[in-house]
Amino acid sequence: MSESIQNSVQEITPSEWELMRIVWTKGKIYSRELIDLLQEKRSWSDSTIKTLLRRLVKKGLLTTEKKERRFLYTATISETAAMNGSAEQLFDHLCAMKKGATLLNLVEHVTLTQDDIAQLQAALSRKAKTAPKQVDCDCLPNDEQC
């Protein structure tokens, strides 16, 4: 992922995430269909949605193509890449020794499929083989602990 796209992912607002989720689901979508779908979920005006579209194009996360008198939007980044980039950016800001507790909290509060759980268990089994007994705090200099 390019650095400018990565920076743009870090700046996606909750409203922009909602719009992007529809674009990712549809693949390519005309502005009218996107507006109609968003208005089924939210009471946003056409102009609000068009503003969000312009922002996402400006951030480089959407491309637009004019076909006749309609605009077709396509994401320039995959949903997985955006979600992973956003999650990694969040975890970069957390204390190293508290990241595990945060992950545990997420696992306990997120709905997961049986396949998700099986993949997590397999990943944890692999990770357990080389995991340290303790992760040191990285919040303060000079090895002071939190």
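## Ser 47 and helix H4

Ser 47 lies in helix H4, helices (H or I, at least four residues) and strands (E, at least two) being DSSP runs numbered from the N terminus. At a relative accessibility of 47%, Ser 47 counts as partly exposed, a class that falls between buried (under 20% relative accessible area) and exposed (over 50%), calculated with a 1.4 Å probe on protein chains only. Ser 47 and Ile 35 are separated by 12 residues in sequence and by 9.4 Å in space, C-alpha to C-alpha.

This is a predicted model, in which local features need pLDDT of at least 70 and side-chain atom pairs count only at pLDDT 80 or more, while totals for chains, interfaces and linings use all residues. Residues are numbered from 1 along each chain as its sequence is written, and side-chain values use heavy atoms, with hydrogens and water left out.

## Helix H3 against helix H4

Helix H3 (residues 31-41) and helix H4 (residues 46-58) have axes that come within 10 Å and cross at roughly 120 degrees; axes are lines fitted to C-alpha atoms, for helices over the stretch in contact, and angles run from 0 to 180 degrees between N-to-C directions. That angle makes H3 oblique to H4, since angles under 35 degrees count as roughly parallel, over 145 as roughly antiparallel, 65 to 115 as roughly perpendicular and the rest as oblique.

On the H3 side the contact (heavy atoms within 4.5 Å) is made by Ser 31, Arg 32, Leu 34, Ile 35, Leu 38 and Gln 39, and on the H4 side by Asp 46, Ile 49, Lys 50 and Leu 53. By class, this contact of H3 with H4 has 5 nonpolar, 2 polar and 3 charged residues, where Ala, Val, Leu, Ile, Met, Phe, Trp, Tyr, Cys and Pro count as nonpolar, Asp, Glu, Lys and Arg as charged, and the others, Gly among them, as polar.

## Helix H2 against helix H4

The axes of helix H2 (residues 14-26) and H4 also come within 10 Å, crossing at roughly 85 degrees, and H2 and H4 are therefore roughly perpendicular to each other. Ser 15, Glu 16, Leu 19 and Met 20 of H2 meet Ile 49, Leu 52, Leu 53, Arg 55 and Leu 56 of H4, and the residues of this contact divide into 6 nonpolar, 1 polar and 2 charged.

Glu 68 is placed in the loop between strand E2 (62-67) and strand E3 (70-75), and has a positive phi of about 60 degrees although it is not a glycine. Most residues other than glycine have a negative phi. With 75% relative accessibility, Glu 68 counts as exposed.

Ala 87 belongs to helix H5 (residues 79-92) and is partly exposed, with a relative accessible area of 36%. Between Ala 87 and Gln 134 there are 47 residues in sequence and 22 Å in space, C-alpha to C-alpha.

## The chain as a whole

The secondary structure comes to 7 helices and 3 strands, arranged along the sequence in the pattern α-α-β-α-α-β-β-α-α-α. Buried residues make up 23% of the 146 residues in the chain, and of the contacts with a separation of 6 or more, 55% join residues 24 or more positions apart.
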